[in-house]
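Good morning, and thank you for coming.

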Amino acid sequence: MQLTRNHWIEAALQTLGRRGVEAVRIEVLARELGVTKGSFYWHFKDRDDLLEAMVSAWEEETRALQEE
């Protein structure tokens, strides 16, 4: 399976929920996903870019829930 940007975001959100924002680290996520850090940089420019994508995903999910 080829990882997408959304796979990284989902893994990061799960890590955030379990262990907090300090645990959302590229090396940790790569290890959990079974890939190299290079895969991360294919989808994001840095950790801040991932954190921003996480917030956007959360906002979209929250908005969708409110519309139900």
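Let us begin with Phe40 and Phe44, which are both buried, that is, under 20% relative accessible area, with exposed meaning over 50% and partly exposed in between, for a 1.4 Å probe and protein chains only. Please note that this is a predicted model, in which local features need pLDDT of at least 70, side-chain atom pairs count only at pLDDT 80 or more, and totals for chains, interfaces and linings use all residues. Residues are numbered from 1 along each chain as its sequence is written, and side-chain values use heavy atoms, leaving out hydrogens and water.

How many aromatic pairs does a search of the whole structure find? The search finds three. Rings of Phe, Tyr and Trp (its six-membered ring) pair if their centres lie within 6.5 Å; planes under 30 degrees apart count as stacked, over 60 as edge-to-face and the rest as tilted. Phe40 and Tyr41 form an edge-to-face pair, 5.0 Å centre to centre with 90° between the planes. The rings of Phe40 and Phe44 are stacked, because their centres are 5.1 Å apart and their planes are at 25°. Tyr41 has 46% relative accessibility and so counts as partly exposed. Ring pairs link Trp8, Phe40, Tyr41 and Phe44 into a cluster.

I turn now to helix H4, residues 47–67. Helices here are DSSP runs of H or I with at least four residues, numbered from the N terminus. Among the buried residues of H4 are Leu50, Leu51 and Met54. What covers the buried residues of H4 includes helices H1 (5–19), H2 (26–33) and H3 (37–43), where contact means heavy atoms within 4.5 Å.

Methods
Helix = DSSP H or I, 4+ residues; strand = E, 2+ residues; numbered from the N terminus. Expected span 1.5 Å × (residues − 1).
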